[in-house]
Amino acid sequence: MAITPALRTHISVKDRFRNLDVKNAFNLVFSARKGVKSKLFYEFAEAIKMPEKLLAEMLNISARTISNYKEKQKPLEPIQSEHLLKLIALFTKGEEVFGNIDEFNYWLKKPFWSGKEKPIDWIITPGGVDLVMEELDRLALGYPV
């Protein structure tokens, strides 16, 4: 059965990227060192309902460069690959905690830590993704964030 674009948007992030081992740090880094296919970038942007330009900015790369990688079938560099894989892990966890990607996206844009910072401001670096993941873990355990 072919997956239509309408059906594809209803598939969870976890199900769409289940073939990636993003929970195991060693496997994540090992995959990142090899470089992930640029196609994964586009699939992820669609799955999380994020404009490609914004996702590219988070990875500190231009949308045009990603497009060139796709045309040349060149994998992303290890640093962008690691960041992308960590984002996939984060959005998978966010979808689990909040029930759907829309609610998680809403939470990402709300200020937290009793300040003006929003979780989305932190995920522009792999370390920031780790911090937001820790916040999600606290939420999942019932701690207030």
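**Helix α4 and its neighbours**

Tutor: In this predicted model, the buried residues of α4 pack against α2 (13–16), α5 (52–58), α6, α7 and α8. Helix α4 is mostly covered, with seven of its ten residues buried. Those buried residues are Ser38, Leu40, Phe41, Tyr42, Phe44, Ala45 and Ala47. After α4 comes lysine 49, which has a positive phi, near 60 degrees.

Take the packing on α6 next. Two packed helices are described by the angle between their axes and the distance between the axes. For α4 (residues 38–47) and α6 (residues 63–72), the angle is about 125 degrees and the axes are 8 Å apart. Angles over 145 degrees count as roughly antiparallel and those from 65 to 115 as roughly perpendicular, so α4 is oblique to α6. On the α4 side the contact is made by Ser38, Phe41 and Tyr42, and on the α6 side by Ala63, Ile66, Ser67, Tyr69 and Lys70. Sorted by class, this contact has five nonpolar residues, two polar and one charged. Two of the contact residues, Tyr42 and Lys70, also form a charge-over-ring arrangement: the charged end of lysine 70 sits over the ring of tyrosine 42, 4.4 Å from the ring centre.

Now the rings. The structure holds eight aromatic pairs. A pair of aromatic rings is described by the distance of the centres and the angle of the planes. The rings of phenylalanine 91 and phenylalanine 104 have centres 5.0 Å apart and planes at 90 degrees, so this pair is edge-to-face. It links distant parts of the chain, with phenylalanine 91 in helix α7 (residues 78–98) and phenylalanine 104 in helix α8 (residues 101–108), 13 residues apart. Both phenylalanine 91 and phenylalanine 104 are buried.

Phenylalanine 104 also pairs with tryptophan 107: their ring centres are 5.9 Å apart and their planes at 20 degrees, so this pair is stacked. Phenylalanine 104 and tryptophan 107 both lie in helix α8, three residues apart, about one turn of the helix. An α-helix has 3.6 residues a turn, so residues three or four places apart point the same way. The relative accessible area of phenylalanine 104 is 0%, so the residue is buried. Tryptophan 107, with a relative accessible area of 11%, is buried as well.

Key. Residues numbered from 1 in each chain as written. Predicted model: local features only at pLDDT ≥ 70, side-chain atom pairs only at ≥ 80, totals over all residues. Heavy atoms only, no water. Axes fitted to C-alpha atoms, helices over the stretch in contact; angles between N-to-C directions. Helix = DSSP H or I, 4+ residues; strand = E, 2+ residues; numbered from the N terminus. Parallel < 35°, antiparallel > 145°, perpendicular 65-115°, else oblique. Contact = heavy atoms within 4.5 Å. Nonpolar A, V, L, I, M, F, W, Y, C, P; charged D, E, K, R; others polar. Phe/Tyr/Trp six-rings, centres within 6.5 Å; stacked < 30°, edge-to-face > 60°. Buried < 20%, exposed > 50% of the residue type's maximum accessible area, 1.4 Å probe, protein only. Lys NZ or Arg CZ within 6 Å of the ring centre and 35° of its normal.
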